[in-house]
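I opened a notebook on this structure.

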Amino acid sequence: MGILQTVRPAHAPKTRPSFRHRRLLRNPRQGRPQDLRPRLLLPPPQRGHLRALYGSSDIAFMPYGERWSQQRKLCTVEFFNARKINSFKSVREDEIVRMAKHISSRISGSLTVNVSELALYFSCNTTYRMAFGRDIAGDDFNVYDVLREAQEMLASFFMADYFPLLGWVDVATGKKSRLRKSFLKLDGIYQKFIDRHLDAKSRSGSEENEDLLDVLLRLRKDGQLTEENLKGILMNIFIGGTDTSSSVVEWAMAELIRLPELMKRAQEEVRSCVGRSKGKVEESDLHQLHYLKRIVKETMRLHPPAPLLIKETMHPVTLSNGYQIPPKTMIYVNAWAIGRDPDAWERPEVFDPDRFVNMVSPGVNSFAHYDFKLIPFGEGRRICPGKNLGMLMAEVALANLLYSFDWQLPPGMSEEDVNMEEALGFTVRRKHALCLVAAKFEAN
Ligand code: HEM
C-alpha cells in the first residue's frame, strides 16, 4: 500500500474545491478532523517495520521523490498497462476453469464451497502464474501460508513504530524475529524463482511472452532496477494484489447471499448478456455487465479492501476550518469510514448497487467522479497502479461464480445468520469464511 504522499500545501493554488480535502481528512465516525490523531495520545506511527523490508526500495514503501517517480513510471510502462495485463488473459481464463471445476467437485460430493478460500486461491494462483510463469500446484512450498503469515506481520502492532526507543520490546516479545523469519521465507521463494529464470536458457523469447519476473530481470540487467528494487516490487505485487481483489469477491458474495433479489438480478444480467452456449464469462463480456460493475463498486464502498490509506504531509497544510497539519505528519485517511458517512451517502448502511445509476463515471473503472467519497484504490500520485488488474480479477471471478452456479445458504441458516464481522489485518477480509451451497445452473 502507498505509504507516503503529499497533501496539497496551504499555499498551493486550489485545483479542486477545498471541501474535498476536508472530506478526505475527516473521520466521519468521530466527525472532527482532530480525531484523526491517534488515540491514547500515541505519537504518529512511523511504520518502520514496514519500511525496513528491502530497505524501502519497492514502490509502495519508497518515500515520495524522484527515485520513486522513476520506478513507478517504469513499472507502469512495463507491466501495469493494458497490453501487458491483456497478455495474461489466458492465465486468468485457465484459473476460472480451475475454480469452476473445484466447485463442481464440491457439488458432486454434496459439500459446501468455501467461497473465501476459493476467491483467495483464484487471485493467488493467477498472480503467481503472471509473476513466475508457472503453476502454483507444481511447487513444494505452501505459498498461501507464507503470504498469509507475511500479511499478518505487516498488519501487526510494533512498539518501535510508535516509540522508537522502545524497539527492544519487539525484540523481547519475539515479534521482530517473527517478522524477519516470515519475510525470509518470502525472500526464499523470490530467490528460487530468480535463480530458475536466470538458469533457463529458453527464456530469451520475445517481450510479448515475458512473465513479470522476466520483465523485472530485464530491467535489472539494463541497470534500471537493483536486486532490492526487484524483490521489493515482487513483494508489492504479491502483498498488494492477492488479498485485495479476493476480498472484493468474498464480500460481494456475502452481501448477495443476504439479498437474494439482488443475486437473482445479477445472475439474470450475466446469463442473458453472455448466453448459455459460451459456458463461461470472458473478460470481453464484462463491459456489458453494468449491474455487476455497480455491485463491485457498492462492495468496495462498504468493504474497501485497504481501509486505511497512510499518507505523509510534505508541506504545512491548513484545512478550511483552520486546522493545521505540520509537515512530516503521518495521516490516516479512513476510506472505510468515508464509505459509510451519512453526510456523503444516503442510507449508507444499505447495500444498494443502484445508488451508482445516476452517478455516471467518466471511465469504465474510474472512481474520480465520486468526489473522493469512494476511494478504494486511494487517490493522487500514489493511487494504486494495479487498479485495472485488481478490478478485472474481481469482476471476472464474481461474474463466473454468478453465471455458472446457483448459490444458497447451508441448511438451517437464514440470511440474518450470515456473519459480517471483519478480521483485523492490512486488508479487510471476512472474519469467518463464507461457506455456501452451490448448484450447477442448467438452462431450461
Ligand atoms: C481490488 C484490488 C486492489 C485494491 C482495492 C487496491 C488498493 C490499493 C490502495 C488503497 C493503495 C494505496 C493508494 C494510496 O495510498 O493512495 C494501493 C497501492 C498500491 N497497489 Fe493496490 N489495490 C488492488 C490491487 C492491486 C494489484 C493487483 C496490484 C499489483 C499487481 C497492486 C499494487 C499496488 C502497488 C504497487 C501500490 C503502491 C503504489 C504507490 O505507492 O505508488 N494493487 N492499492
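The expected span of a helix is 1.5 Å times one less than its number of residues. I took helices (H or I, at least four residues) and strands (E, at least two) as DSSP runs, numbered from the N terminus. This is a predicted model, where local features need pLDDT of at least 70, side-chain atom pairs count only at pLDDT 80 or more, and totals for chains, interfaces and linings use all residues. Residues are numbered from 1 along each chain as its sequence is written.

**Entry: α10.** I looked up helix α10, residues 175-199. It has 25 residues and reaches 36 Å from its first C-alpha to its last, close to the 36 Å expected. Next I asked which residues of α10 are buried (20 or more other C-beta atoms, placed from the backbone, within 10 Å of the residue's own). They are L179, F183, L186, Y190 and F193. I noted the general rule: an α-helix has 3.6 residues a turn, so residues three or four places apart point the same way.

**Entry: α6 and α13.** Helix α6 covers residues 115-132 and helix α13 covers 243-258. They pack at about 150°, axes 8 Å apart. Axes here are lines fitted to C-alpha atoms, for helices over the stretch in contact, and angles run from 0 to 180 degrees between N-to-C directions. α6 and α13 are therefore roughly antiparallel (an angle over 145 degrees). On the α6 side, the contact (C-beta atoms, placed from the backbone, within 7 Å) is made by V115, S116, A119, L120, F122 and S123. On the α13 side I found S245, S246, V249, E250 and M253. By class, this contact of α6 with α13 has 6 nonpolar, 4 polar and 1 charged residues. Ala, Val, Leu, Ile, Met, Phe, Trp, Tyr, Cys and Pro count as nonpolar, Asp, Glu, Lys and Arg as charged, and the others, Gly among them, as polar.

**Entry: α13 and α15.** How do α13 and α15 (residues 290-302) pack? Their angle is about 100°, and their axes are 9 Å apart. They are therefore roughly perpendicular (65 to 115 degrees). V248, W251, A252 and E255 of α13 meet I295, V296, T299 and M300 of α15. I sorted these into 6 nonpolar, 1 polar and 1 charged.

**Entry: two loop residues.** S110 has a positive phi of about 50° although it is not a glycine. S110 sits in the loop between α5 (89-108) and β1 (113-114). It is exposed (12 or fewer C-beta atoms within 10 Å), with 7. K328, also not a glycine, has a positive phi of about 65°. Its loop runs between β4 (324-325) and β5 (330-334). K328 is exposed, with 11 other C-beta atoms within 10 Å.

Key. Angles under 35 degrees count as roughly parallel, over 145 as roughly antiparallel, 65 to 115 as roughly perpendicular and the rest as oblique. Two residues are in contact if their C-beta atoms, placed from the backbone, lie within 7 Å.
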